[in-house]
Amino acid sequence: MVAGLSLLLILGACQTTTSDGSMALPAPSVRPAQLPAAQTVRYVIRPDLSELRFLVFRAGTLARLGHSHVVQANNIQGEIHLAQAIRQSSFSLVLPVADFRVDDESSRLEEGEEFAKLPDAEAIAGTTRNMLGEKVLDAARYPNIEIESLALDGPDWGPDIAVRIKLHGVEREMTVPTAIERNGEQLVVTALFSVNQSDFGITPLSGLGGAVQVANTLRVRMRLVARKA
């Protein structure tokens with residue numbers, strides 16, 4: 001049962017439903033101008049220092065029988081093109097699904113009381129299998145999650161970034177509030193936000209008639225470190 005408490009992953013937003021029942025995507029408020037490469041500074045993501053962390057919560061009337069999980073997206077690839085005017089900047093990321101790691105002990109301890117009790121090795125292995133399987137991420141068919149910026153709006157130190165996410169064969173757009181720190185030739189981008197599994201057509205796993213289930217809403221914690229190329 002614990003192994004059944006798996007997850008989905010990455011970024012969905014608040015969409016509205018159209019008259020034909022389909023999902024309408026929110027339009028970014030500002031589209032960045034396409035600047036020549038010579039007018040931007042290129043930064044490359046450092047996979048050894050960058051991480052996306054997904055907090056997956058247990059739910060249902062018998063939630064106490066399951067576990068909440070911390071899932072890390074490692075080996076992130078990508079680059080940032082930084083312009084003098086932040087609204088003209090852009091970035092793209094690729095997250096290899098096969099490199100996702102479930103319930104690293106140190107990461108769970110960092111996330112507080114809800115994650116303090118570490119599941120046993122068998123439960124972690126089962127959760128990993130379910131996460132990568134056809135009902136959730138379907139890693140065999142969709143080995144990567146792709147994220148690209150559409151627009152940036154706001155101050156240099158904390159822009160709201162409209163992004164397009166391609167996950168599990170589905171594309172969605174959302175806006176992510178971020179904080180940006182410049183340190184010499186290095187950029188650090190951080191963000192904390194929520195997403196829904198159902199926005200990507202994934203039904204959260206459940207058991208015992210829904211008494212034990214995975215919550216639809218996930219929390220996403222992101223820290224990207226990029227160095228000037």
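Student: In this predicted model, which residue in β10 does S92 stand opposite?
Tutor: S92 stands opposite E148 in β10.

Student: What makes β8 and β10 a pair of strands?
Tutor: Pairing needs at least two bridges. Strand β8 (residues 90–96) and strand β10 (residues 144–153) have five bridges, in the antiparallel sense. Five meets the rule, so they pair.

Student: How do you know that β10 and β11 pair?
Tutor: By the same rule of at least two bridges. β10 and strand β11 (residues 160–167) pair over seven bridges, again antiparallel.

Student: Why is the pair of F54 and F100 called tilted?
Tutor: The centres are 6.0 Å apart, with 50 degrees between the planes. The centres must lie within 6.5 Å, so this is a pair. Under 30 degrees would be stacked and over 60 edge-to-face, so 50 degrees is tilted.

Student: What parts does this pair tie together?
Tutor: F54 lies in strand β4 (residues 51–56) and F100 in strand β9 (residues 100–102), so the pair ties together parts that are 46 residues apart in sequence.

Student: Why are F54 and F100 called buried?
Tutor: Buried means under 20% relative accessible area. F54 has 0% and F100 has 6%, so both F54 and F100 count as buried.

Student: What is the angle between the planes of F57 and F115?
Tutor: It is 55 degrees, at 5.5 Å centre to centre, and the pair of F57 and F115 is tilted. F57, at 25% relative accessible area, is partly exposed. F115, at 2%, is buried.

Student: What makes R42 and E79 a salt bridge?
Tutor: The cut-off is within 4 Å, nitrogen to carboxyl oxygen. The side chains of R42 and E79 meet at 3.0 Å, N to O, so this is a salt bridge. R42 lies in strand β3 (residues 40–45) and E79 in strand β7 (residues 77–83), so the pair ties together parts that are 37 residues apart in sequence.

Student: How do you know that D103 and R108 form a salt bridge?
Tutor: Their N to O distance is 2.7 Å, which is within 4 Å, so they do. Both D103 and R108 are buried.

Terms used
Residues are numbered from 1 along each chain as its sequence is written. This is a predicted model: local features need pLDDT of at least 70, side-chain atom pairs count only at pLDDT 80 or more; totals for chains, interfaces and linings use all residues. Side-chain values use heavy atoms; hydrogens and water are left out. Helices (H or I, at least four residues) and strands (E, at least two) are DSSP runs, numbered from the N terminus. Buried means under 20% relative accessible area, exposed over 50%, partly exposed in between (1.4 Å probe, protein chains only).
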